[in-house]
Amino acid sequence: MSIDIEMVDLARYCPFRGRGWETTVGITKQQAVANREAIVAAADGLFRERGAQAVGLKELMGAAGLTRGGFYNHFTSKDALVDTVLAWAMATGVGNLDRAIGVARARGGDPLAERIDWYLSPGHRADIARGCPYASFAEAARRLDPAAGAHYAKGLAENLDRLAQVVNIPELSEGERRARAIVLFSEMAGALLLARAVADADPALSDKILESARVDLCNRIKVAR
């Protein structure tokens, strides 16, 4: 299974919505919005792959197809961009999970098993820029400013809530299902991060980490049911 990252309404997550954001000399309001979205999309991918601190504004704006000087037409600071990127990435992650669950249910599949299969796949391992944001930003989350860190925590909690809904073990209480979801996702994310860490140095070990975790988790949820 693959996931699709969609542009969401960035204005919902924009703390800086005054005239300085909406109008830029020489371009329309529509183009300004499109430019802002391009900056956020470029930053999202670069920040996931290398961390926000490692990405300079010149490189970032170049990746968005814009000049460095235009950055401050959209954001008051790099921290403001990081806050927006985290809000967008977390909302996108929850939206993607909701769609994946809906698709699995529509065809009579097991949403949790399908999520595990996709999550611990070679394709997802390679797709750092467009894969699970909770794993991609996990290591950097503790160094984020409070606003960005709060976005990460909120998104992770919502992701766990969604997974708890597909832990199909009738005898478990709501709290027990969420606890099970926390354990499952922690193991999924941990295996993914380890597999990525050794993917270049030892591809065989990376593959084995994914395969072992995937088989074990799927077998455990079958036994539990």
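Biologist: Asp207: buried, exposed or partly exposed?
Modeller: Partly exposed, in this predicted model. The relative accessible area of Asp207 is 38%.

Biologist: Which residue forms a salt bridge with Asp207?
Modeller: Arg125. The closest N and O atoms are 2.7 Å apart.

Biologist: Where do Arg125 and Asp207 lie?
Modeller: Arg125 lies in helix α6, residues 122-126. Asp207 lies in helix α11, residues 203-224.

Biologist: How many residues apart are Lys208 and Glu211?
Modeller: Three, both in helix α11. That is about one turn of the helix. Lys208 is partly exposed at 48% relative accessibility. Glu211 is partly exposed too, with a relative accessible area of 38%.

Biologist: Which residues do salt bridges with shared partners join into one network?
Modeller: Glu139, Arg142 and Arg143.

Biologist: How many salt bridges does the structure hold?
Modeller: 12. One more pair to look at is Arg107 with Glu114, where the side chains meet at 2.7 Å, N to O.

Biologist: Arg107 first. Buried or exposed?
Modeller: Exposed, at 52% relative accessibility.

Biologist: And Glu114?
Modeller: Buried, at 17% relative accessibility.

Biologist: New topic, helix packing. At what angle do α5 and α10 pack?
Modeller: About 15°, with the axes 10 Å apart. Helix α5 covers residues 111-119 and helix α10 covers residues 174-197. The angle makes α5 roughly parallel to α10.

Biologist: Left-handed or right-handed crossing?
Modeller: Right-handed, as α5 passes α10.

Biologist: Which residues meet there?
Modeller: From α5, Leu112, Arg115, Ile116 and Tyr119. From α10, Leu184, Phe185, Met188, Ala189 and Leu192.

Biologist: How many of those are nonpolar, polar or charged?
Modeller: Eight are nonpolar, none polar and one charged.

Conventions:
Residues are numbered from 1 along each chain as its sequence is written. This is a predicted model: local features need pLDDT of at least 70, side-chain atom pairs count only at pLDDT 80 or more; totals for chains, interfaces and linings use all residues. Side-chain values use heavy atoms; hydrogens and water are left out. Axes are lines fitted to C-alpha atoms, for helices over the stretch in contact, and angles run from 0 to 180 degrees between N-to-C directions. Helices (H or I, at least four residues) and strands (E, at least two) are DSSP runs, numbered from the N terminus. Angles under 35 degrees count as roughly parallel, over 145 as roughly antiparallel, 65 to 115 as roughly perpendicular and the rest as oblique. A crossing is left-handed if the near helix is turned anticlockwise from the far one by less than a right angle, and right-handed if clockwise. Contact means heavy atoms within 4.5 Å. Ala, Val, Leu, Ile, Met, Phe, Trp, Tyr, Cys and Pro count as nonpolar, Asp, Glu, Lys and Arg as charged, and the others, Gly among them, as polar. A salt bridge is a side-chain nitrogen of Lys or Arg within 4 Å of a carboxyl oxygen of Asp or Glu. Buried means under 20% relative accessible area, exposed over 50%, partly exposed in between (1.4 Å probe, protein chains only).
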